[in-house]
Amino acid sequence: MDYIDRIAIAPGKRGGRPVIRGLRITVYDVLGWLADGMTAEEIIEDFPELERADIQACLAFAADRERRAVVVQAS
């Protein structure tokens, strides 16, 4: 999924964390809710301004960042 149209980083919004469609909801918020066991439907029920595609975009964003992560071993 292409998340470029849904996830943005703005220095003055939420401390420069990636947010969804200019809202004050961060990717971190959504990933945390999912990790806590909430379903996409429950998240959307609590935050009706979100769409299912926003949640998928958060997952794609996180997967892309993980894919680009560099592992450095301490000596």
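Reader: To begin with, how many aromatic pairs does the structure hold?
Author: This is a predicted model, and the structure holds two aromatic pairs.

Reader: Which parts of the chain does the pair of Tyr3 and Phe61 tie together?
Author: Tyr3 belongs to the segment before strand 1 and Phe61 to helix 3, so the pair ties together parts that are 58 residues apart in sequence.

Reader: Are Tyr3 and Phe61 buried or exposed?
Author: Both Tyr3 and Phe61 are buried.

Reader: And what is the arrangement of Trp33 and Phe47?
Author: The ring centres of Trp33 and Phe47 lie 4.5 Å apart and the planes are at 15°, so this pair is stacked. Trp33 sits in helix 1 and Phe47 in the loop between helix 2 (40–46) and helix 3; the pair links distant parts of the chain, 14 residues apart.

Reader: How accessible is Phe47?
Author: Phe47 has a relative accessibility of 25%, and therefore counts as partly exposed.

Reader: Let us step back to the overall layout. In what order do the elements of the chain run?
Author: From the N terminus on, the order is β-β-α-α-α, with three helices and two strands in the chain. Along the principal axes, the C-alpha atoms fill a box of roughly 50 × 30 × 20 Å.

Reader: What share of the residues is buried?
Author: Of the 75 residues in the chain, 28% are buried. As for contacts with a separation of 6 or more, 42% come from residues 24 or more positions apart.

Reader: Turning to helix 3, what is its reach from the first C-alpha to the last?
Author: Helix 3 has 17 residues and reaches 25 Å, close to the 24 Å expected at 1.5 Å a residue.

Reader: Which residues of helix 3 are buried?
Author: They are Asp54, Ile55, Ala57, Cys58, Ala60, Phe61 and Asp64. These buried residues of helix 3 pack against strand 1, strand 2, helix 1 and helix 2.

Reader: How do the axes of helix 1 and helix 3 cross?
Author: The axes of helix 1 (residues 27–35) and helix 3 (residues 52–68) come within 9 Å and cross at roughly 100°. An angle of 65 to 115 degrees counts as roughly perpendicular, and helix 1 and helix 3 are therefore roughly perpendicular to each other.

Reader: Which residues meet there, in helix 1 and in helix 3?
Author: From helix 1, Val27, Val30, Leu31 and Leu34 take part; in helix 3 they meet Ile55, Cys58, Leu59, Phe61 and Ala62. By class, this contact of helix 1 with helix 3 has nine nonpolar residues, no polar ones and no charged ones.

Reader: Where does Arg14 lie?
Author: Arg14 is in the loop between strand 1 (7–9) and strand 2 (18–20). Its relative accessible area is 26%, and Arg14 is partly exposed.

Reader: And what about the phi of Arg21?
Author: Arg21, which is not a glycine, has a positive phi of about 45°. Arg21 is found in the loop between strand 2 and helix 1. With a relative accessibility of 33%, Arg21 counts as partly exposed.

Terms used: Residues numbered from 1 in each chain as written. Predicted model: local features only at pLDDT ≥ 70, side-chain atom pairs only at ≥ 80, totals over all residues. Heavy atoms only, no water. Axes fitted to C-alpha atoms, helices over the stretch in contact; angles between N-to-C directions. Helix = DSSP H or I, 4+ residues; strand = E, 2+ residues; numbered from the N terminus. Parallel < 35°, antiparallel > 145°, perpendicular 65-115°, else oblique. Contact = heavy atoms within 4.5 Å. Nonpolar A, V, L, I, M, F, W, Y, C, P; charged D, E, K, R; others polar. Buried < 20%, exposed > 50% of the residue type's maximum accessible area, 1.4 Å probe, protein only. Phe/Tyr/Trp six-rings, centres within 6.5 Å; stacked < 30°, edge-to-face > 60°. Expected span 1.5 Å × (residues − 1).
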